[in-house]
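Subject: Structure handover and notes

Hello,

Here is the structure for you to look through. Please open it beside this message and read the two together.

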Amino acid sequence: MTNSEIETRVTSFLNKTEFTYEVVNIDPEFADTIMFCEKYGFPLENSANTIIVSSKKKPKVFTASVVRATRRIDVNHVIKPLMNTGRVSFAKPEETAQLTGMMIGGVTVLALPPELPIYIDPGLMDLDYIILGGGSRSIKIKVSPKILQALPNAIVVEGLTGE
């Protein structure tokens, strides 16, 4: 899938929601969150990362979590019990790309497969806006965090980051 196909899928998803959003065009070399924030002047606290976790056993089961860039998800104590599949780990880059149809460094919680469970960091919900990946390494999406509650199979999980 090309950059523009991925980005079109994400913006088409956004256009079907009631939320206004801004597409931030970026240099792909600065797609990684910390570098993006430094170069484009967005606070790290408003940036959110989408993390894919998979079960170790086959058939593989996947989940997505969206967390503040300043936090880490608690895979073993929070995600593992939610998945109820035994051992879990971060999905391999190729598994993430295959599952999401997105580029590593640009994966977003927007436009994921609708059956995929999504766990949301409650700390994102009180922000005036969040910055999400755009599916490729060439754009980011600035949008209200309330969009997260409109995603299929999404739930806010207290303690997702072990706080």
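First, the ground rules. This is a predicted model, in which local features need pLDDT of at least 70 and side-chain atom pairs count only at pLDDT 80 or more, while totals for chains, interfaces and linings use all residues. Residues are numbered from 1 along each chain as its sequence is written, and side-chain values use heavy atoms, with hydrogens and water left out.

Buried means under 20% relative accessible area, exposed means over 50%, and partly exposed is in between, with a 1.4 Å probe and protein chains only. Contact means heavy atoms within 4.5 Å. Two strands pair if DSSP finds at least two bridges between them.

Helix α1 covers residues 3-15, which makes 13 residues. From first C-alpha to last it reaches 18 Å, close to the 18 Å expected at 1.5 Å a residue. That expected span is 1.5 Å times one less than the number of residues. Buried in α1 are I6, E7, V10, T11 and L14. Seen down the axis they fall within an arc of 125 degrees, so they line one face of the helix. The arc is taken from the directions that run from the helix axis to the C-beta atoms. This buried set packs against β1 (21-25) and β7 (139-143).

Those two strands run antiparallel, joined by 5 bridges. E22 stands opposite K142 in β7. Strand β6 (residues 130-133) also pairs with β7, again antiparallel, over 4 bridges. Here I130 stands opposite V143 in β7. β6 and β7 form a hairpin with 5 residues between them. In that turn, G135 has a positive phi of about 100 degrees. As for burial, 4 of the 5 residues of β7 are buried, so β7 is largely enclosed by the rest of the structure.

Helix α3 spans residues 75-83, and its buried residues are V75, V78, I79 and M83. They cover an arc of only 115 degrees around the axis, which puts them on the same side of α3. The face turned away from that side carries exposed H77 and P81. The buried residues of α3 pack against β2, β3 (62-68), β4 (88-90) and β5 (118-120).

β3 is mostly covered, with 7 of its 7 residues buried. β2 and β3 pair antiparallel over 7 bridges, and form a hairpin with 6 residues between them. β3 and β5 pair in the parallel sense over 3 bridges.

Two residues to look at

S65 lies in strand β3. S65 is buried, with a relative accessible area of 0%. Leaving out residues up to four places away in sequence, S65 touches N49, T50, I51, I73, I79, Y119 and L160.

R87 lies in the loop between α3 and β4. R87 is exposed, at 57% relative accessible area. The C-alpha atoms of R87 and V75 are separated by 9.9 Å, at 12 residues apart along the chain.

Pocket and cavity

Both were found on a 1 Å grid over the protein atoms alone. A cavity is a set of points where a 1.4 Å probe fits but cannot get out; a pocket is an open set with protein on both sides within 12 Å along at least five of seven lines; lining residues have an atom within 4 Å of a point. Points are joined across faces, edges and corners, and the volume is the space filled by probe spheres set on them.

The largest pocket holds about 470 Å³ of space. Its lining has 23 residues, with N49, T50, I51, G105 and V107 nearest its centre. Elements that give two or more residues to this lining are β2 (48-55), α4 (93-100) and β6. β2 gives the most, with 5 residues.

The count is 1 cavity of 30 Å³ or more. The largest cavity has about 40 Å³ of space. Its lining includes F13, V109, L112 and I118.

Best wishes
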